[in-house]
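Dear colleague,

Please find below the structure that I am handing over to you. My notes on its sheet and on some backbone features follow.

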Amino acid sequence: MTNKKFNRKISRRDFLKLAGGTLLATAGSRWLLPKFGERLLSPVEVVRGAVDDPDLYFAGTDTWISLPQAPALPPFHPDDISPDPALSTYMFGFRNVLGMNKKQKENQKGLATHPAPLFWIDQYDEVGNPNEFRLQLTNLGLSIRPDLIDEHTVHFHGLRNIIPFFDGEPNSSLAVPIAGEFTYAYRVREPGTYMYHCHVEDVEHVHLGMTGLVFVNPLQNGDTSFYPSGKYAYNDGDGSTGYDREFAMLLTEVWAEAHWAFSHVQLPNWDEYKADFYMLNGRVYPDTIAPNGAIDFRNPDYDAKGYLIPTPGYEHLVYQPVSSLVTCNEGERVLLRFSNLGFTKQNMTISGIKMNIVGKDATLLRGRDGTDANYETNSIYIGVGESFDAIFEAPPYQGPGPYDTYLLYNRNYRHSSNLDASGFGGQMTEVHVYPAGTLGTQDIPNT
Ligand SMILES: [Cu+2]
C-alpha cells in the first residue's frame with residue numbers, strides 16, 4: 001500500500017537539487033558538497049562506515065500483546081486467532097536484536113515488543129566525544145500477514161537539524177524493505193524527550209504499535225556542581241532540571257476493531273477511529289505497576305534462540321516489558337518524561353503531588369532572554385505528538401507500610417478505566433515513596 005508514485009516522479013537530477021540545498025545548509029559538518037567534478041557521495045557510501053557497529057539494532061515485525069480479556073468486545077476483543085489465550089491483541093512493532101546472531105535474529109519474526117524499545121542517547125559532543133548514535137534497522141516481515149510487504153522506517157518525531165536522508169519520512173528519504181538493512185546515524189545536539197515511530201503508512205504503523213520513546217541526555221550530565229546526582233534534563237546552567245530518578249511514560253492507544261481487522265486480512269475505516277484501550281508504556285493498570293522485563297537496550301536479555309525471557313508470574317507481559325511503576329525516596333527529585341503517540345489528547349495528574357514542567361517538546365522552558373518559564377501544575381494536557389518533562393519532589397514519607405502510594409492517572413476516567421467500570425485498566429500507575437535512603441541509585445530509567 002506504499003505510495004511510490006511520488007518517488008518515481010522525482011528524477012535523480014531533481015533529487016540531487018533537493019539534496020544539494022540540504023547539504024549546503026549543513027556545510028561545516030561531514031556532509032560537505034564535493035568539489036566541482038567530484039560526484040556526490042551516494043547514500044550507501046555515506047552510511048557504509050556505520051553499518052558494522054550499531055549502538056542499537058531494530059527489527060520491524062509483528063507481535064501479540066496482552067490487554068484485559070474482560071469485558072469482551074465481540075468479535076474484536078479478545079482476538080480469536082491469538083496464538084496464546086493470554087495474548088489478546090495483534091500489533092506491529094520493533095524488536096531490539098542488538099548482538100544477536102543471524103538465526104536468533106530471524107527467530108524474532110512475529111515477536112516484537114510494545115512499545116518499541118525505550119532508549120537514550122548522549123548529546124553529540126564535537127569536542128569530548130564525537131560519536132554518532134547509530135541505529136541499524138532491518139525488516140523481518142509480518143508473520144500473520146505475509147501478503148503485506150510493507151517497508152519500515154524510524155522517524156524521530158521533533159528531532160531538529162536532521163538531514164532528510166535520516167529522517168525516516170519515506171517519501172523524502174528511504175524505507176527498509178523485507179530483508180533489507182539500513183543504519184541511521186544521529187548527531188543530536190538538542191537534549192530532551194522525544195518519541196519515535198515508523199513513518200511508513202503512518203496512521204497504520206503508528207496505531208498498530210511501531211512507537212517508542214527516546215531521550216537525549218545533555219552535555220551537562222556528570223557535572224555535580226549544580227545538582228548532586230549530576231543528572232539533568234537539559235543544559236540549564238543552574239541545576240533547575242537536576243533529578244535523581246527518571247521514568248519514561250509513553251501514552252498510546254488501541255482501537256480493538258482495527259487490530260482485529262489487520263489480523264483477519266481486513267482494512268479498518270480509520271475515520272471511525274475510537275480507542276478502546278489507553279496505555280502507559282504499552283500496558284494498562286494494574287499491569288503498569290508489574291515488574292520490568294529486560295529494558296536495558298544496550299544489554300538485551302534473551303535465551304539461546306533469541307527469545308525474550310518472561311518474568312515469572314508475568315508471562316502475559318513478555319512482549320510488553322516496560323513498567324510504569326515510579327519508585328523513589330522521600331525528598332528526591334523525579335523526572336517524568338511524558339510523550340503521547342496515541343490519537344487523543346490526554347490529561348495526566350498525580351494525586352497530591354505538584355509537578356514542575358521544565359521542558360516541552362525537547363525544549364528547555366526558557367525565554368529568549370533567559371527568563372525561566374517553568375511552571376507548577378497538578379495536571380498536564382498532552383496533545384498528540386507532544387512531549388513534556390515534569391519534575392516532582394517526592395513528599396515526606398508518612399507510613400505506615402514500607403512506602404506511601406500516590407496515583408498517577410489520566411483525569412478522563414474513561415481513559416483510566418477502559419471498558420470496565422471497576423477502576424482497572426487504562427493510563428494509570430502508582431508512585432511509591434520510600435523513607436530516605438531506602439532505594440539505591442537508579443542506573444536504568446524506569447527501574
Ligand atoms: Cu512500519
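Two strands are said to pair if DSSP finds at least two bridges between them. In this predicted model, strand S1 (residues 56–65) and strand S4 (residues 133–139) meet that condition, pairing in the parallel sense over 5 bridges. Within S4, Leu137 is the bridge partner of Phe58.

Both strands belong to an open sheet of 4 strands, ordered S2-S1-S4-S6 and mixed in its pairing. Its edges are formed by strand S2 (89–96) and strand S6 (181–186), each of which pairs on one side only. From one strand to the next, the twist averages 30 degrees. Helix H6 (residues 256–263) lies across S1 and S2 and runs at about 80 degrees to S2.

Several backbone features also deserve a mention. Most residues other than glycine have a negative phi, and most peptide bonds are trans.

Two cis peptide bonds may be noted here:
- His114 and Pro115 are joined by a cis bond with omega of about -5 degrees; Pro115 lies in the loop between helix H4 (102–106) and strand S3 (119–122).
- The bond from Tyr285 to Pro286 is cis, with omega near 5 degrees; Pro286 is in the loop between strand S10 (277–280) and strand S11 (326–329).

Positive phi values occur at two non-glycine residues, Ala179, near 75 degrees, and Asp361, about 50 degrees. Ala179 is in the loop between strand S5 (155–157) and S6, and it counts as exposed because its relative accessibility is 63%, the cut-off being over 50%. Asp361, in the loop between strand S14 (355–360) and strand S15 (363–364), is partly exposed at 33%.

With kind regards

Notes:
Residues numbered from 1 in each chain as written. Predicted model: local features only at pLDDT ≥ 70, side-chain atom pairs only at ≥ 80, totals over all residues. Heavy atoms only, no water. Helix = DSSP H or I, 4+ residues; strand = E, 2+ residues; numbered from the N terminus. Axes fitted to C-alpha atoms, helices over the stretch in contact; angles between N-to-C directions. Contact = heavy atoms within 4.5 Å. Buried < 20%, exposed > 50% of the residue type's maximum accessible area, 1.4 Å probe, protein only.
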